[in-house]
Amino acid sequence: MIDINISRPWNEFIFQGFPNIFGSESGLFALFLCMYIMSLLGNLSIVFVTYLDSKLQSPMFFFLGNLSFLDICYISVTVPKMLSDFLEKKKIISFTGCLVQMLMFISMQGTEAFLLAVMAYDRYVAICSPLCYTSIMNRITCHLLVAVCWTNGLLNSIVHTTLTFSLPFCKSHLLNHYFCDIPPLLKISCRDTYVNELVLFVVGGICVGFANFLLILISYTFILSAILHLPSKEGKHKAFSTCSSHLIVVALFYGTAMFIYIRPSSSYSLQRDSVVSILYSILAPMLNPIIYSLRNQEIKGEIKKIVVNKSAKMLSH
């Protein structure tokens, strides 16, 4: 247990880390290192396959490649620091480091919310307006949509980070978390955080979270209607197959992230929220490439082809 009464500079925070129920820190280090490596390998394979293979140059795979690149950035914002903290007795992060970590983390999170909505719209156009698909989802439009996702994610993060770090932190500099996030920072502020929580709910919860989720819901309502009207079972199965992986990723992302942010900071719990945070900040980026590669035959086939070719070359040498 960290002694919070030790006199420390006001330009740093101390992470409490994980509760004792999670086991030893050496065991956690090994577990999260494996998860991080799996996430990097899985997402990098999707990025390379969708970028290099000429067969996978459609808008769907373009967005999937961007999602994998985003997940690499997303998980790399928190996990390397967390792994290094497992090897340290004092889990310290500077004020500036905390600010940058939160700015990047919230930015990636917001960008993913927008990107998942764009991917749902892409599936809507592909299934509901197949004849117009190539003209609507052209190269310029796809790049513009991705740029809008990253820009909106960053703007959302700037708002929350600015408001959070304008608060005075005088209760304690001990953060009941393993990375810099909004709820634990609001918890140690000695000023009323009503405005911060209101902005978090309205801007982060409604404008970013709920609005994008609503767009996804509307898109899939039309998609489901179109699929049910397809004449062949094979066509229905193929359409469901291309959409099911995206729906699983959406459920995993929104089901955990919105639980953390759409509620008062007074209900924050280290033990409960640490588990939920692991789901959306570490487990989801690791599972996304697995979900897409298992559910998408083209991705699975191209990854197998690359692995077989590489193995054959290595054996021939």
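Helices are taken here as DSSP runs of at least four residues, numbered from the N terminus. In this predicted model, phenylalanine 62 falls within helix H2, which spans residues 59–86. Beyond residues up to four places away in sequence, phenylalanine 62 is in contact with Cys142, His143 and Val146. The C-alpha atoms of phenylalanine 62 and cysteine 142 are 8.0 Å apart, although 80 residues separate the two in sequence.

Helix H5 (residues 139–164) packs with helix H7 (residues 194–228) at an angle of about 170 degrees, and the two axes are 10 Å apart. H5 is therefore roughly antiparallel to H7, since angles over 145 degrees are assigned to that class. On the H5 side, the contact is formed by Asn156, Val159, His160, Leu163 and Thr164, and on the H7 side by Asn196, Val199, Leu200, Val203, Gly204 and Val208. Six of the residues in the contact of H5 with H7 are nonpolar and five are polar, while none is charged. Helix H7 also shows a bend of about 40 degrees at glycine 205. Glycine 205 is itself one of the buried residues of H7, which also include Asn196, Val199, Leu200 and Val208 as well as Asn212, Ile216, Tyr220 and Ile227.

Two disulfides are present in the structure. With bonded cysteines counted along the chain, their pattern is 1-3, 2-4. Distant parts of the chain are linked by the pair, as cysteine 98 belongs to helix H3 (residues 95–128) and cysteine 180, 82 residues apart from it, to the loop between strand S3 (174–175) and helix H6 (182–187). Cysteine 98 is buried, at 0% relative accessibility, and cysteine 180 is likewise buried, at 0%.

The other disulfide is formed by cysteine 170 and cysteine 190, whose sulfur atoms are 1.7 Å apart. Cysteine 170 is located in the loop between H5 and S3 and cysteine 190 in the loop between H6 and H7, so the bond ties together parts that are 20 residues apart in sequence. Cysteine 170 is partly exposed, with a relative accessible area of 38%, and cysteine 190 is also partly exposed, at 39% relative accessibility.

Conventions:
Residues are numbered from 1 along each chain as its sequence is written. This is a predicted model: local features need pLDDT of at least 70, side-chain atom pairs count only at pLDDT 80 or more; totals for chains, interfaces and linings use all residues. Side-chain values use heavy atoms; hydrogens and water are left out. Helices (H or I, at least four residues) and strands (E, at least two) are DSSP runs, numbered from the N terminus. Contact means heavy atoms within 4.5 Å. Axes are lines fitted to C-alpha atoms, for helices over the stretch in contact, and angles run from 0 to 180 degrees between N-to-C directions. Angles under 35 degrees count as roughly parallel, over 145 as roughly antiparallel, 65 to 115 as roughly perpendicular and the rest as oblique. Ala, Val, Leu, Ile, Met, Phe, Trp, Tyr, Cys and Pro count as nonpolar, Asp, Glu, Lys and Arg as charged, and the others, Gly among them, as polar. The bend at a residue is the angle between axes fitted to the seven residues ending there and the seven starting there. Buried means under 20% relative accessible area, exposed over 50%, partly exposed in between (1.4 Å probe, protein chains only). A disulfide is a pair of cysteine sulfur atoms within 2.5 Å.
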